[in-house]
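Please find below a colleague's note, written to be read alongside the sequence and the structure.

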Amino acid sequence: MAEMEVAGVIEDDDEVISSSAVAETDPDEFFAKNAFRIIYQTNNFFLPQIRDLIDRGEVLNLRPEYQRRLRWGAAQKSRLIESLLLNIPIPPVFLYETDAARYEVMDGQQRLNAVSQFMAGDFALSGLQVLKPLNGLRYSRCPPRIKRALDRSTLSAIVLLLESEPSRGATLTVSDIRRFIFDRLNTGGTKLNPQEIRNAIFAGSFTQALVDISRFRPFTDAFDIPAYTEADPNDYYENEQRQRNSLYSSMGDCQIILRFFALRDEANIRGSMKSMLDRAMQSRTEISQEDADRLTSEFKERFSVLFNLFDGAPFRLPPDEKGRVRISAALYDASMVALDRQWSERDKIAADKEAVKARLTTTLADPDKLALLTGQANTAQAVRDRIDLMESILKPASVTTSN
């Protein structure tokens, strides 16, 4: 089945969150209040050390589900191995040490993965331009001289440590500093998108909850993402069909889920969509596992009601002039938040299923209401208006007349 297009998922990255909203007239005073020192150390790791660190999983965490889901192909990985054999300088990887004394990858995930996978025998060299006779070779079958050369090769790693937080009264936070570092690192190659950056900066129980929810079968079915049917969760990331899915590979699935939590709080509906999502993520960075589990259950319950209400195909727009049926992220937003507001009436809404579908069909036939529900206007007020409109569509007649 062809992947269905989802309209309006990845927000425009048109807003930079300033580290300081207050203009400072005295440069010296501003520097004294806001200066911070990034403390770092440089380590050189032999390739076998990198393999061991990744295999143990206790010290170095690549977190593929949180950050880059797009993976290098065999040719890209092979070029890295060729560069190491030729002693061509490789850009350093950047790590930061967490509170748990583990290293999280800020930049270099693909390089580390390539080294680990080659040494584990997961792929054979291919597409080499200089060392062509080595094409088809796996690590276990490398001649002794080549294996020794690889075992002596190193990758440089810069480990970033925050020696101290900004001074008291400073406008910068630790998250601001992490974002600043990510912005400076995220300037070349394939940039991380906003959701990948959020996952890296605001890692915690809520981030894991977004990933867990993204595997919920009704959610994957509704958004045409290949279902997670692998027996071993470690194989989730290896599914090539899923990697080719644009929502999965771009972290769009996690961002869709985050949109609900961002918009269910009416006070957060202000500014750009990007700023709403940033605030929703940052405000939940320190929540407990118990709270993360509760939010997970709340999302799944609401999504399940809508999934059943619309016969397993929620958030669909009428066919366009070419007969294409698209999923609308804006219609998803409005439906999820509207149902959340009407949660006490969910049984009546379910019982009024056919009337709800009829009201939605009638609404989508109105060009002005269609434009509102599909997000053609994307101001904060438009977001509020389409939630209100969807709430009126969901309300059973008995509830509407009694209010």
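This is a predicted model: local features need pLDDT of at least 70, side-chain atom pairs count only at pLDDT 80 or more; totals for chains, interfaces and linings use all residues.

1. Salt bridges overall. Searching the whole structure gives 21 salt bridges. Several of them are taken up individually in the points below.

2. The pair Asp 311 and Lys 353. The side chains of these two residues form a salt bridge, with an N to O distance of 2.6 Å. Asp 311 belongs to the loop between helix H14 (289–309) and strand S7 (327–328), whereas Lys 353 belongs to helix H17 (residues 353–364), so the pair ties together parts that are 42 residues apart in sequence. Lys 353 is partly exposed, its relative accessible area being 23%.

3. The pair Arg 359 and Asp 352. A salt bridge also joins the side chains of Arg 359 and Asp 352, at 3.0 Å from N to O. Arg 359 has a relative accessible area of 25% and is therefore classed as partly exposed.

4. The pair Asp 52 and Arg 51. Here the side chains meet in a salt bridge at 3.3 Å, N to O. Asp 52 is partly exposed, at 33% relative accessible area. Arg 51 is likewise partly exposed, with a value of 21%.

5. A salt-bridge network. Which residues are linked in a network of salt bridges? The members are Arg 264, Asp 291, Arg 294, Glu 298, Glu 301, Arg 302 and Asp 340.

6. Cysteines. A disulfide is a covalent bond between the sulfur atoms of two cysteines. The count of disulfides in this model is zero, with a pair of cysteine sulfur atoms required to lie within 2.5 Å. Cys 254 is buried, with a relative accessible area of 0%. Cys 142 also counts as buried, at 8% relative accessibility.

7. Helices H12 and H13. How are helix H12 (residues 252–263) and helix H13 (residues 273–282) packed? Their axes are 9 Å apart and meet at an angle of about 85°. H12 is therefore roughly perpendicular to H13, a term that covers angles from 65 to 115 degrees. On the H12 side, the contact is made by Gln 255, Leu 258, Arg 259, Phe 261, Ala 262 and Leu 263. H13 contributes Met 273, Met 276, Leu 277, Ala 280 and Met 281. By class, the residues of this contact comprise nine nonpolar, one polar and one charged.

Definitions and conventions:
Residues are numbered from 1 along each chain as its sequence is written. Side-chain values use heavy atoms; hydrogens and water are left out. A salt bridge is a side-chain nitrogen of Lys or Arg within 4 Å of a carboxyl oxygen of Asp or Glu. Buried means under 20% relative accessible area, exposed over 50%, partly exposed in between (1.4 Å probe, protein chains only). Helices (H or I, at least four residues) and strands (E, at least two) are DSSP runs, numbered from the N terminus. Axes are lines fitted to C-alpha atoms, for helices over the stretch in contact, and angles run from 0 to 180 degrees between N-to-C directions. Angles under 35 degrees count as roughly parallel, over 145 as roughly antiparallel, 65 to 115 as roughly perpendicular and the rest as oblique. Contact means heavy atoms within 4.5 Å. Ala, Val, Leu, Ile, Met, Phe, Trp, Tyr, Cys and Pro count as nonpolar, Asp, Glu, Lys and Arg as charged, and the others, Gly among them, as polar.
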